[in-house]
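Me: I'd like to learn how to read salt bridges in a model. Could you walk me through it?

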Amino acid sequence: AQDVPMEPLQRRRTVRNGYANRLLTESELSHVTARSSAFHYFARGTAGARYLSEGTIQANQVQAYREPAQVELADWIRWSAADQAKYRNGLTPAGMEIEGVAGWYVSHFYDRDSALTRSFREKGLAQVRERVAEGAGWLVLEGAPGISGLIETGREFQRMWLRLRARGLAIHPMTQLLEETPDV
């Protein structure tokens with residue numbers, strides 16, 4: 001997951017854009033991780049951060065053009081208000097921070113097939129490139145093995161999110177590198 005400081009949350013309306021390009025302070029890092037050895041911080045500009053950024057871009061490229069993955073995404077987006085009310089799940093234009101005229105346009109003219117076009121995939125990849133170029137670097141949470149380890153890792157991730165909120169910081173989880181096998 002990419003950990004990036006931003007303005008205090010009460011002053012921001014966006015979660016996916018506008019991350020500050022500064023490193024985490026030692027105090028912020030200690031607070032956010034609760035000094036747990038399960039967290040690994042790769043500060044922006046380090047070899048580790050470059051590796052994770054490049055790998056994430058490549059993994060997103062693989063995923064965007066792996067048809068079953070893109071079909072799964074297309075089936076999960078709820079473009080119209082009618083689909084949002086009917087399914088009550090999935091990604092919505094507002095949830096993707098597509099607002100204003102663009103939000104109105106996609107909610108009226110986009111459908112499942114729109115997410116399968118080359119232009120949609122390329123726009124998504126452009127956004128990934130922007131995200132990995134922003135922020136403080138990468139904060140990786142190492143999980144314990146087994147089902148109980150996965151559950152505890154999820155709990156620790158949620159506790160981290162609460163600690164981020166308390167400090168007015170934000171995070172943009174990016175898991176594609178765990179889901180795909182790019183050439184990095």
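Me: Where do Glu156 and Arg159 sit, and how many residues apart are they?

Reply: In this predicted model, both belong to helix H7 (residues 146–167). Because they are three residues apart there, about one helical turn separates them. As a general idea, side chains of opposite charge can pair when their charged atoms come close. Here Glu156 and Arg159 do form a salt bridge, with 2.8 Å between the closest N and O atoms.

Me: Are these two residues buried or exposed?

Reply: Glu156 is buried, at a relative accessible area of 14%, and Arg159 is partly exposed, at 33%. The cut-off for buried is under 20%, so Glu156 qualifies.

Me: Which other residue meets Glu156 in a salt bridge?

Reply: Arg163 does, at 2.7 Å from N to O. Arg163 and Glu156 are both buried. Stepping back, a network of salt bridges links Glu152, Arg155, Glu156, Arg159 and Arg163.

Me: How many salt bridges does the structure hold?

Reply: Eleven salt bridges. One of them joins the side chains of Arg112 and Asp75, at 2.4 Å from N to O. That pair links distant parts of the chain, 37 residues apart. Arg112 lies in the loop between helix H5 (100–109) and helix H6 (118–132), while Asp75 is in helix H3 (residues 67–76).

Me: And what is the relative accessible area of Arg112 and of Asp75?

Reply: Arg112 is partly exposed at 36%, and Asp75 is partly exposed at 37%.

Methods. Residues are numbered from 1 along each chain as its sequence is written. This is a predicted model: local features need pLDDT of at least 70, side-chain atom pairs count only at pLDDT 80 or more; totals for chains, interfaces and linings use all residues. Side-chain values use heavy atoms; hydrogens and water are left out. A salt bridge is a side-chain nitrogen of Lys or Arg within 4 Å of a carboxyl oxygen of Asp or Glu. Helices (H or I, at least four residues) and strands (E, at least two) are DSSP runs, numbered from the N terminus. Buried means under 20% relative accessible area, exposed over 50%, partly exposed in between (1.4 Å probe, protein chains only).
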